[in-house]
Amino acid sequence: MDPTRAFVRDVKRLIVKVGTAVVTRSDGRLAVGRLGSLVEQLQELNVQGYEVILVTSGAVGVGRQRLRYRKLLNSSFADLQKPQVELDGKACAAVGQSGLMALYDALFTQLDVASSQLLVTDNDFKDPEFRNQLSHTVNSLLALRVIPVFNENDAVSTRKAPYEDSSGIFWDNDSLAALLALELKADLLVLLSDVEGLYNGPPSDSKSELIDTYIKEKHDEQITFGDKSRVGRGGMQAKVKAAVCAATQIPVVITSGFTRDNILKVLEGKKVGTLFPTKGMLKEIVASTREISPRDMAVSARDCSRRLQSISSEERKKILLDIANALETNEAKIRAENEADVAAAQQAGYEKALVSRLTLKPGKISSLAKSIRVLANMDDPIGQILKRTEVADGLVLEKTSSPLGVLLIVFESRPDALVQIASLAIRSGNGLLLKGGKEAMRSNTILHKVITGAIPASVGEGLIGLVTSRDEIADLLKLDDVIDLVIPRGSNKLVSQIKASTKIPVLGHADGICHVYIDKSADMSMAKKIVLDAKIDYPAACNAMETLLVHRNLLKSAGIQDIIFELETKGVRIFGGSVASEELNLPKAESFHHEYSSMACTIEFVDDVHAAIDHIHCYGSAHTDCIVTSDDEVADIFLKQVDSAAVFHNASTRFSDGARFGLGAEVGISTGRIHARGPVGVEGLLTTRWILKGNGQVVNGDDGVVYTHKNLPL
């Protein structure tokens, strides 16, 4: 539950207002699918014991559509050539009201829920006796688990024109809903719209951001309202006016009626739509969350990264050493939080592979601290002169290493990734935003607290931001003007979703389908060691072997039988390709393009090294692939032709790791071909800048400039 929405725990009575834009389609007909979804949500809340009141618009729109149809049927061709007179709004309301209520009644009846219709006018509320009787009637209906359905009775309203007159106690169904919320002492008002909530600009503008908590003093003058609703009376401006009015006593949420289950999500405490809190709630929200927008978080990370770059190399080194010490000092706290995460994941029934990645095993904190110290003692990567060129006499050009800027890392399950990524970001001078999986929330929170606590105030703890809400990711992925690189670490689905959702460059890999190919000339004792290590050392790792390819000549060999026996003895489930499944009586693999991330693998036989290479190119993920052979010529073919980020000869795929490569740590493994490839350490988080030093030279059409372009020593 989001801390800003904790008030929903105390909600018993709620009013839901649905606007004409939600009730009807663009052609004026009733949106039966959306109404069905709405009714299902209200039925579920009714079953859960909530007292639900519905305020609905749409009668005028429905009636207009019906009357236009009837008029068309009864018109001659000559009548249709004449100028068409706009239909009377009150007549439309009278016709539409019965049809709208009939549909609600039919939908509720299908779900064994009773509903009732209450039509009111502005004049009714001027009578104190009416208000007392209304309250008594509604309380009686709610006690009987009946859902009251309110609508303004436009057919007999004394308003001059239902779409123009905004005088009186209420002036449209939004203000009616606000009035009823106060009159009937509701605990929450939900106003459903055709957009997700209130934005600080046009919702269609990609730069516009959803305002999740409306603060009148902050937002009142910032918002410019567009046109009113395409079919209803007021649009967003009317909803905000009604919400501000009701929020003097009860909280209000404006959210989309187009998004499935949004009412249920509001009651679950999820951050959907725009919350209009009461004054008392606002103080609690500010005190408990000190809310910072995704853009503010990214800007803060950029500002802090520039301060980090401005301090000396020794000072940056000291920050890393302080972090390593802080991790070891707080190991007991970190392990306690991690154990709580693991226990919760096991209780929730998560897969063993995920629980394995989630667990900080004994010695892991010490190992992480050691990696950070190795990183701290490496040469400073920032500002290194990579190339010096004399452009012309007295004009020297230098190509230097420089931080990328702000990184957004989205990772699943593995809290140790947070430590590696944070240390690499600091060493490379980058700002960092981190979003871990919900299953590791406690671990990530304590690790973030320990790490940022070691960052001096002169740099600022905003250097590393921890994103706690999944909803904020969508907003962050829009910030291509502030965030420079996104690195997703997790499932194929996660990586694919992020690539499809942002203009920001994305670095990473979707799958880790790694192969070991045993050639006919392989030392079978060596092959056995490599295969067992590649599969069993850490099956959930992305560099673990998923497919074992074997030269066809070894099909009946004792060495292969021994490897299969050892794998099965260790608990590895083995599946076969078309040849292996038939020859070795193994269950057939559903697909070669599959990452088990567990104690399972596929085995298949191929004709030779060329067939192995073709198989890897067809089914692999360009991550890490290995050949085991004593034939150097065959090995050379494999190493040169396999188009993967890492290609090994006679070594386990598990060596494909930033720390093992001597990079200190890794932010991830990239299978792309642009910028960085393979394990990405500090160098992968750097770009270059050009520094030109002269003494007054000008181009002036190149008149008198003698270009030398001479390479200079570093």
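Reply: Start with terms. Helices and strands here are DSSP runs, numbered from the N terminus. By that numbering, N585 lies in the loop between helix 23 (578-583) and strand 17 (600-606). Keep in mind that this is a predicted model.

Me: Why is N585 called exposed?

Reply: Exposed means over 50% relative accessible area. N585 has 71%, so it is exposed. Its phi is positive too, about 55°, although N585 is not a glycine. Most residues other than glycine have a negative phi.

Me: What makes N700 count as exposed?

Reply: The cut-off is over 50%. N700 has 57% relative accessibility, so it counts as exposed. N700 sits in the loop between strand 22 (686-693) and strand 23 (707-712). Its phi is near 50°, a positive value in a residue other than glycine.

Me: How do you know that strand 14 and strand 15 pair?

Reply: Pairing needs at least two bridges. Five bridges join strand 14 (residues 514-518) to strand 15 (residues 545-551), so they pair, running parallel. In this pair, C514 stands opposite M545.

Me: Which sheet order includes these strands?

Reply: The order is 16-17-15-14-18-19, an open sheet of six strands with parallel pairing.

Me: What makes strand 16 and strand 19 edge strands?

Reply: Each pairs on one side only. They are strand 16 (573-576) and strand 19 (646-649). Neighbouring strands in this sheet are turned by 20° against each other on average, direction ignored.

Me: How do you know that the buried residues of helix 24 are on the same side?

Reply: Take the buried ones in helix 24 (residues 609-619): V609, A612, I613, H615 and I616. They cover an arc of only 160° around the axis, so they share one side of helix 24. The face turned away from that side carries the exposed residues D614 and C618.

Me: What do the buried residues of helix 24 pack against?

Reply: Strand 14, strand 15, strand 17, strand 18 (624-628) and helix 25 (632-641).

Me: What makes the D608 approach to H610 a polar contact?

Reply: The limit is 3.5 Å between N or O atoms. At the start of helix 24, a side-chain oxygen of D608 comes to within 3.1 Å of the backbone nitrogen of H610. That is inside the limit, so the pair qualifies.

Me: Which residues have the most contacts inside the largest nonpolar core?

Reply: L327, I409, I426, L432, L434 and I464, in a core of 50 residues. Helix 17 (residues 415-428) gives the most to this core, with eight residues.

Note on methods:
Residues are numbered from 1 along each chain as its sequence is written. This is a predicted model: local features need pLDDT of at least 70, side-chain atom pairs count only at pLDDT 80 or more; totals for chains, interfaces and linings use all residues. Side-chain values use heavy atoms; hydrogens and water are left out. Helices (H or I, at least four residues) and strands (E, at least two) are DSSP runs, numbered from the N terminus. Buried means under 20% relative accessible area, exposed over 50%, partly exposed in between (1.4 Å probe, protein chains only). Axes are lines fitted to C-alpha atoms, for helices over the stretch in contact, and angles run from 0 to 180 degrees between N-to-C directions. A nonpolar core is a set of buried Ala, Val, Leu, Ile, Met, Phe, Trp, Tyr and Cys residues joined through side-chain atoms within 4.5 Å. The arc is that of the directions from the helix axis to the C-beta atoms. Contact means heavy atoms within 4.5 Å. A polar contact is a pair of N or O atoms within 3.5 Å; within protein, one must be able to donate a hydrogen and the other to accept it, and residues adjacent in sequence count only if both atoms are side-chain atoms.
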